[in-house]
Amino acid sequence: MTEAGSEGREGAAEGTALGPSRRRMLGFGGASLLVGAAAGVGLDRVASAEEDRSAGGAIAFHGAHQAGIATPVQDRLHFAAFDVTTGDRAKLVRMLQEWTAAAAAMTAGRSVGHGAVGGPAVAPPDDTGEAVGLPPSRLTLTIGFGPTLFEKDGKDRFGLKARRPQALVDLPHFPGDNLDPDRGGGDIAVQACADDPQVAVHAIRNLARIGFGVVAVRWSQLGFGKTSSTTPEAQTPRNLFGFKDGTENIPGTDAALLGRHVWAAAGDGSDWMAGGSYMVARRIRMHIETWDRTSLREQEEIFGRDKGEGAPAGARKERDKIVLARMRPDAHVRLAHPDSNGGSKILRRGYSFTDGSDGLGRLEAGLFFIAFQRDPRTGFIRIQQSLAADAMNEYVQHVGSGIYACPPGVQEGGFWGETLFK
Amino acid sequence: MRPVPVLAIAGVAAVSMSLLSACGGDDGKAEAADAVAVTATDDSCEVAKKDLPAGKTTFKVANKGSKVNEFEVLKPDGKILSERENIGPGTTVDFVVNLPAGAYKLLCSAGQTGKGPTQDITVSGQANGVGDQRLTKAAADYKSYVITSLDDTIAKTRLFVDAVKKNDVEKAKELYAPSRVGWESIEPVAEKFGDIDPKVDAREADLSPAEKKDWSGWHLLEKALWKDGSVKGKEKYGDRLLEDLGVLKGRLPGLTLDPVNDMAAGAKELLDEVATGKVTGEEEAFSHTDLVDFKANVDGAKKVYELLKPVVQEKDAQLAKDLDDNFAAVEALLKKYEKGDGYVSYDTVGKSDRKKLADAVNALGEPLSKLAGVVAK
């Protein structure tokens, strides 16, 4: 009784303080009441900035770079990786041309072909129809080519072997990987991002349908709740561990940083990739239940930031200067930081996912990590190797994996992968 | 609906345009030139030409009203010959209909109430068109195929039932799958007779508890043979199966088969059968002879395609090529599983091989779904 009463009083006392005061009790000493107050003000301003952008606008499909890389991150993801099932190069090119036409239409908010209705009654409609009436929802479709498109089981199926970029390496095995072959690889990947999940699903579904006979879906993933922002003015979103993730991400508006770390250049060794980028996708299962049983102090120390504000260890605000030495040597943020990786930076566009429960009653959930970089060897691989010592590894496991070369943007009249196939 | 579904294409490069039309769903640019313009408003229905030649006619229906409109061609007796619904305000659709000589009424129904202003038109002359004759012949040939296939099933089922009656389990197991081949290759036609299909081909898993007591047919015997290891006491189900198939046979002479709705759409249904029932191994839950049914479904679909192929080739050569390629791919894949006169047990086919079969079925099913639209052009 006494204990219960004491706890109750403590709770009541907290309730009168500013918001999540348990953080102040257990977290890093540097955090203070003032931080909480500042956060409240900041959130309002940021939220309205987000709303302005969230209208159902269309994002231009054509351009020097593919949309969906430096584009402000949308709310939802449908990622799909395909195997090419034909050995006929002409068929593959024809499909890529059909895909491009469909992608240009869908990202503009239009239906595929003749639409979902209005065609002959005895034929199935060209468009599956579930996006009819919905705004473009900032849909972007981004294509990438996996190593197996260039060579599979020792076979050069499409005469592309010599054109495989050196940067498109096979990802090495990372410590702790538990990769499911059914959730990895693929000859072609398409990242569909939109503010409305139905719009993203519609896009992948139509592409899969157009592709039947040429490609077959190998694996796919739905994502929600973007876990990183490419717009620094926006509020940094939280991942399923409850932490702000991606504060230090490369802003999609910083041309100099994008040029240095994200866009491949002709001089990098593969002409056809100039203006493109390399995508690494990882399905990272998060052990939600054990994380939730971890003390706040431990959570914050593992992450290297405080949970409420997102301030780096020993600092007060999210964007305060990071002092790595103040973090545990195995803190996630410390190990992932450019200063721990020879200056390496990647552009992250991850999404949370949950696919219900796993049969053991555990949330089948985690982070669908997507990173774009100029060279995965100095980008994702370098950073992931340094994360071998990450204290967070106890709570995460990489279960799916893919790497893809995303060609440059499509010009009017061109098609996805034109620079590769021409 | 989303705006500009048709005009949208114009913005796309020329190369994509031709590709998209190759995908089907195109009402046909050729007809567009001779199309008969119909202008519908909320209270009027104007047709540009009132005397039309018999044969295929394309009405170009423009809805200039404010309500969603419906366009109907009414026969002299007032019944609907053909209709086109959901014509949105401000949109124009091409609507193709085959008109024999006679007097018709065109009806525009704003708000889709089935009522509205009409126009009288007169259709005269002989329906021309080599295409029509080819399709008529295809339909006649298909009917022969249906009859032959049913005869084959009945003959083989007779042998199967003999073994069942002798409780010769091994023999009956051997004869079970072959007895179904003819049936599986014409299933959509057989399903037109809604009363026979459940009697001969229902699976226990699909029945409600109340329906279960009336369960009969192949799958009842399948379960007895493979699960119980005995068909003792099941003799009457053998007799009933033959009886039901006999009833179906008696009805075939009076059957008219339509190239679009029965043949082409039926071929697509056959592939659907494969995609939903066979690839998953649900159809033959006890005997695992799914691949035999699979092949029969594909053969039945291919028969339809071959009969319609001259017309398909002329109207959409790319579709014909896709179908040729994809039928060949499915057949090549199936060949890997041949064993003796039949196929390996489906429970020996692993997950990744089933995925390959499913991919091949999807690859064939998608272009096959366009067959009806192309034949109807």
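Chain A holds twelve helices and nine strands. Both element types are DSSP runs numbered from the N terminus, with helices being H or I of at least four residues and strands being E of at least two. Of its 422 residues, 54% count as buried. Buried denotes under 20% relative accessible area, exposed over 50%, and partly exposed the range in between, using a 1.4 Å probe and protein chains only.

Residues are numbered from 1 along each chain as its sequence is written, while chains are lettered from A and ligands numbered from 1 in the order in which they are written. In this predicted model, local features need pLDDT of at least 70, side-chain atom pairs count only at pLDDT 80 or more, and totals for chains, interfaces and linings use all residues; side-chain values use heavy atoms, with hydrogens and water left out.

Two cysteines of chain A were examined for bonding. The sulfur of Cys193(A) has its closest cysteine sulfur in Cys406(A), 11 Å away, and is therefore too far for a bond. A disulfide requires a pair of cysteine sulfur atoms within 2.5 Å. Cys193(A) is buried, at 0% relative accessibility. Cys406(A) is in no disulfide, the nearest cysteine sulfur being that of Cys193(A). Cys406(A) is also buried, again at 0%.

Over all chains, the search of the whole structure returns one disulfide. Cys45(B) and Cys108(B) form this link, with an S to S distance of 2.0 Å. The two residues are 63 positions apart and connect distant parts of the chain: Cys45(B) sits in strand β2 (residues 45-47), and Cys108(B) in strand β8 (residues 102-110). The link is right-handed, with 50 degrees about the S-S bond. Cys45(B) is buried at 3% relative accessible area. Cys108(B) is buried as well, at 1%.

Strand β2 of chain B also belongs to an open sheet of four strands. The order is β2-β1-β4-β7, and the pairing is mixed. Strands β2 and β7 (92-99) are the edges, each pairing on one side only. From one strand to the next, the twist averages 25 degrees; axes are lines fitted to C-alpha atoms, for helices over the stretch in contact, and angles run from 0 to 180 degrees between N-to-C directions. Strand β1 (residues 36-40) runs antiparallel to β2(B), and three bridges join them. Pairing of two strands requires at least two DSSP bridges between them.

Chain B is assigned two domains, domain 1 (35-129) and domain 2 (143-254). The bounds come from an automatic or database domain assignment. Their C-alpha centres lie 46 Å apart. An unreviewed UniProt entry annotates residues 139-371 of chain B as "domain: Imelysin-like". UniProt positions follow the numbering used here, feature names are shortened, and annotations may be inferred rather than shown by experiment. This span is 73% helix and 2% strand, and its end C-alpha atoms lie 15 Å apart.

Lys321(B) lies in helix α12 (residues 317-335) of chain B. Lys321(B) is partly exposed, at 41% relative accessibility. Its C-alpha atom is separated by 35 Å from that of Leu52(B), 269 residues away along the chain.
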